[in-house]
Amino acid sequence: MLKKITYREALNEALVEEMERDPAVVLIGEEVGQYDGAYKVSQGLLKKFGEKRVIDTPITEAGFAGLGIGAAMGGLRPVVEMMTFNFALLALDQIVNGAAKMRYMSGGQVKVPCVIRGPGGAAHQLAAQHSQCFESTFASVPGLKVVMPSTSRDAKGLLKSAIRDDNPVIFIEGEILYGSVGDVPEGEYLIPIGVGDIKREGSDVTIIAHSKMVYVALTAAKRLEEFGISAEVLDLRTIRPLDEELIVQSVRKTHRCVIVEEGWHFYGVGAQVADVIYNHIFDELDAPIRRVTGLDVPMPYSKPLEHQVIPDAHRVIDAVRDVLYMKG
């Protein structure tokens, strides 16, 4: 049986179920308790679990990230909420030099089962300091797992898996996806970290995306039908580890690939995905890989300019027609 709930509600259900299942799971962050969370993901949790397990903090990202990491080393399973991942930069030392390396530096004696979660990417006119994609920054650090779900179903199943993981997990939610509605199975289910998903079957080209760019890819794939083009849409779901097997399997079928991401082009997620494809099946490609990314500028406040920066279906269609040699 399936039920339709929002992305926000799916995350809330995951937190409730894991906190009921395991008393070691606690939630820490700004406004997660009295205010029910800046995006209402933690709605009702303070009333249900009390202030010893739902802990409001001051605006001190480095402080409460460190608190969560230390609590994880001491035996708890903290979920640390960043009001936005733009502010996670303030906690970068705690995350990179603490959480990510502790298991390695202790010779495997100390685990850090901590989830650091919150919204990322652009929303609507939040401008340069509040509209950034840092998944490639975190994914470049050994010791961190990075998850970015696009649907309600994936958000719930992946967050439950992240909470049960014995390693630090960066869990970046799509800021404009919180109100999106999707089918979620009734009852207990998990989605393993590191496994991608084919969101649409196709045979002529593979479009690879993650988070809200999956919907841009699906819109482009639908419009490409008018040109007689069958596009497959692959949702990475996890940025690190990458599901290399699924990527190779899909591109081996279509022989063409377009990678879509909201983040900047330089050193982006798409560069890593392209590296995987070129290393495994270069000789099976019928065209060079194309990447569609956010433009290489800080995010403008202006609404028309913001739309120019963020990839849309038109740019994806243009790239697909390019790899199919349909232009000119």
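Predicted model: local features only at pLDDT ≥ 70, side-chain atom pairs only at ≥ 80, totals over all residues.
Trainee: Where do I start? How many helices and strands are in the protein?

Mentor: Start with secondary structure. The protein has twelve helices and 14 strands. Then turn to overall size. The radius of gyration is 20 Å, close to the 20 Å from the globule rule for 328 residues, so the protein is as compact as a globular protein of that length.

Trainee: What box do the C-alpha atoms fill?

Mentor: Along the principal axes, the box is roughly 65 × 45 × 45 Å.

Trainee: What share of the residues is buried?

Mentor: Buried residues account for 56% of the 328 in the protein. For the surface, look at area and atom type. The accessible surface is about 14,100 Å². Carbon and sulfur atoms hold 55% of that surface.

Trainee: How do I read contacts against sequence separation? What percentage join residues at least 24 apart?

Mentor: Take contacts between residues at least 6 apart in sequence. Of these, 81% join residues at least 24 apart.

Trainee: Is Gly68 buried or exposed?

Mentor: Check its relative accessibility against the cut-off. Buried means under 20%. Gly68 is at 0%, so Gly68 counts as buried.

Trainee: Which residues are in contact with Gly68, leaving aside neighbours within four places in sequence?

Mentor: Ile28, Pro78, Val80 and Cys114. Gly68 and Val112 are 44 residues apart in sequence, and their C-alpha atoms are 9.3 Å apart.

Trainee: Why can charged side chains pair?

Mentor: Side chains of opposite charge can pair when their charged atoms come close. A search of this whole structure finds 31 salt bridges.

Trainee: Show me a local one. Which residue forms a salt bridge with Arg21?

Mentor: Glu18 is a partner, with the closest N and O atoms 2.8 Å apart. Both residues lie in helix H1, residues 7–21. They are three residues apart, about one turn of the helix. Arg21 is partly exposed, at a relative accessible area of 42%. Glu18 is buried, at 0%.

Trainee: And a pair that links distant parts of the chain? Where do Glu188 and Lys160 lie?

Mentor: Their side chains meet in a salt bridge, at 3.0 Å from N to O. Glu188 lies in the loop between strand E8 (181–185) and strand E9 (197–200). Lys160 lies in helix H7, residues 152–164.

Trainee: Is Glu188 buried or exposed?

Mentor: The cut-off for exposed is over 50%. Glu188 is at 52% relative accessibility, so Glu188 counts as exposed. Lys160, in contrast, is at 0% and counts as buried.

Trainee: One more pair, please. What is the distance between the closest N and O atoms of Asp197 and Lys199?

Mentor: It is 2.8 Å, in a salt bridge. Asp197 is partly exposed, at 24% relative accessible area. Lys199 is partly exposed as well, also at 24%.

Note on methods: Residues numbered from 1 in each chain as written. Heavy atoms only, no water. Helix = DSSP H or I, 4+ residues; strand = E, 2+ residues; numbered from the N terminus. Rg over C-alpha atoms; globule rule 2.2 N^0.38 Å. Buried < 20%, exposed > 50% of the residue type's maximum accessible area, 1.4 Å probe, protein only. Contact = heavy atoms within 4.5 Å. Areas by Shrake-Rupley, 256 points an atom, 1.4 Å probe, with all protein chains shown as cover. Salt bridge = Lys/Arg side-chain N within 4 Å of Asp/Glu carboxyl O.
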